[in-house]
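Biologist: I'm new to this one. Can you put it on screen and walk me through it?

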Amino acid sequence: FCFYKSYLPFTSVSLQHLRLSKMENRLHRRPRSTSMKDRQNSKAQSDRTSSMESECSPDSRLIAQVPRKSVYDQLNQILISDERLPESIILINTVEWQGQYVADLLHDQAQPIVSTCSAADVQAAFNTIVTRIQRFCNCNAQTPPTMKVAVAGDQSYLSTILRFFVEQLANKTPDWLSYIRFLVIPIGSHPLAKYVASFDSRFNSIFMDSAWRELFCRTERPTSDNIDVAGRVVQYLAGANVSHQFPISEAMLTYKQKSPDEDSCQKFVPFIGVVKVGIVEQSLSTSVDSDDAMGGNASILSSPTPPSAGPYGKEIGGTPPQSPSVSTALSGAGSPCSGSEVMGLQVDYWTWQGPEKKKDGEKRDVGLKNTLKSNFRSLQVSRLPSGGELTPPPSMAMTVVTKEKNKKVIFLSKKPKEKELDSKSQVIDGISRLICTAKHQHTMLRVTIDGVEWNDVKFFQLAAQWPTHVKHFPVGIFGYTKPV
């Protein structure tokens, strides 16, 4: 119901906001203490930003999206003064009934909510927050307090926030990294929230219990609030006073263009969770792993998403999917298999070289290159630590399932089934860089990055660390305690 508003004529107020926003983007306003190093980082980041917003992009038509006036109205009610910042603000994905339900409950409790229905809404909200923090810095001598920005949605929604966080803070000094703390309110598939629950018992009891998961896996909105959703969110807002730093990695995608006379385009995408690879088919089907089904009833996740319900993935993704799809980022604990498709891939990857293997006279570690060339049933790369580690390693882990010939085949046998291929699964840790290409030149890849799908990818490259000074994504937690 929230989409029709975006087509209404804009008032002079909303147009003024848009003009101001565009002007600020052109001027690249920086704090007064911006250093030369940060300006260089800003230039490097602007190159990545321009690659994502290039007119040659197949989704360039989506850049015409504009934020709804209601977003600015809600922001103005929360950010009422340049000399004082609110303790918290809650961004909610209200495309589906789950987000609308949470927004209504929090609104009744007079909580500072901003309802978003597209990536343009999210960008407007986050840009406004950054602008108000800058104004606070200009009006006050003291350092601004850390603002808690809660993000209510699934992993793909958080991925949208991450993108704008990386873009905006690339133009700021490093001290800005302590001005914002993101609070994760999981609604839908959310591997990062599961990882947080592995070491924060209070977070686990609030957002990972069966009651919460079953509520948001329903197909219809409940008639009553049996678990006090608003009360749980308020507890989190009040108690999440510690920032857990998630390393930000980089995915560089090269995808084909629709016109034969066009060159390939590249996009740089930040991620903190999981990258999954598939083959672009004529008809894309949705699949949900049992570990990500958020409870017994997975129908809300496995049912096709309405055409109007995918603004975040489409805004950031390459070519929009040929049929509706559901964001299905995998967690490390889940099964890596996703259907019966077989992918002929070549994966070149570099692993960190330990000090003991370092040659005399070398000034830096040199990664060891390895190559996997096989038929893959699945391939996923995770930046989240495995085994409940609190300190993330400086590298990625790759889980692959390959299809290999059965060495025990009796060739004299007439049974064709005995010549089938077996699956072999393996996990490779310590990866600093990875390049994945299809064996056949005309085979296009489907790459899912933190729940957002990119189609028609020719090849992609992953790096364990984002290149600018914005290298960590701060997520609010209660503390480091194991779940009971």
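Modeller: Start with Leu-384. Leu-384 counts as buried because its relative accessibility is 12%, where buried means under 20% relative accessible area, exposed over 50% and partly exposed in between, with a 1.4 Å probe and protein chains only.

Biologist: What should I know about where this comes from?

Modeller: This is a predicted model: local features need pLDDT of at least 70, side-chain atom pairs count only at pLDDT 80 or more, and totals for chains, interfaces and linings use all residues. Residues are numbered from 1 along each chain as its sequence is written, and side-chain values use heavy atoms, with hydrogens and water left out.

Biologist: Where does Leu-384 lie?

Modeller: In the loop between β10 (368–382) and β11 (396–405). Helices (H or I, at least four residues) and strands (E, at least two) are DSSP runs, numbered from the N terminus.

Biologist: Which residues does Leu-384 touch?

Modeller: Leaving out residues up to four places away in sequence, Leu-384 touches Pro-191, Leu-192, Tyr-195, Phe-246, Ile-272 and Gly-273. Contact means heavy atoms within 4.5 Å. Val-274 is 110 residues from Leu-384 in sequence, and their C-alpha atoms are 7.3 Å apart.

Biologist: Zooming out, how many helices and strands are in the chain?

Modeller: The chain has 12 helices and 15 strands. Of its 484 residues, 54% are buried.

Biologist: Now β1. Why is strand β1 largely enclosed by the rest of the structure?

Modeller: Strand β1 covers residues 88–93, and six of the six are buried, so the rest of the structure largely encloses it. Ser-88, Ile-90 and Ile-92 are buried on one side, and Ile-89, Leu-91 and Asn-93 on the other. In a regular strand, side chains alternate between the two faces of the sheet.

Biologist: Which way does β1 pair with β3, and over how many bridges?

Modeller: Parallel, over five bridges, with β3 being residues 147–153. Strands pair if DSSP finds at least two bridges between them. Leu-91 has Val-151 as its bridge partner in β3. β1 also pairs in the parallel sense with β2 (residues 113–116), over four bridges. There, Asn-93 stands opposite Thr-116.

Biologist: Switching to helices. Which residues of α3 are buried?

Modeller: In α3 (residues 69–78), the buried ones are Val-71, Tyr-72, Leu-75 and Ile-78. They sit on the same side of α3 because they cover an arc of only 125° around the axis. That arc is taken from the directions from the helix axis to the C-beta atoms.

Biologist: And how many residues of α6 are buried?

Modeller: 15 of its 15, so to speak: α6 is mostly covered.
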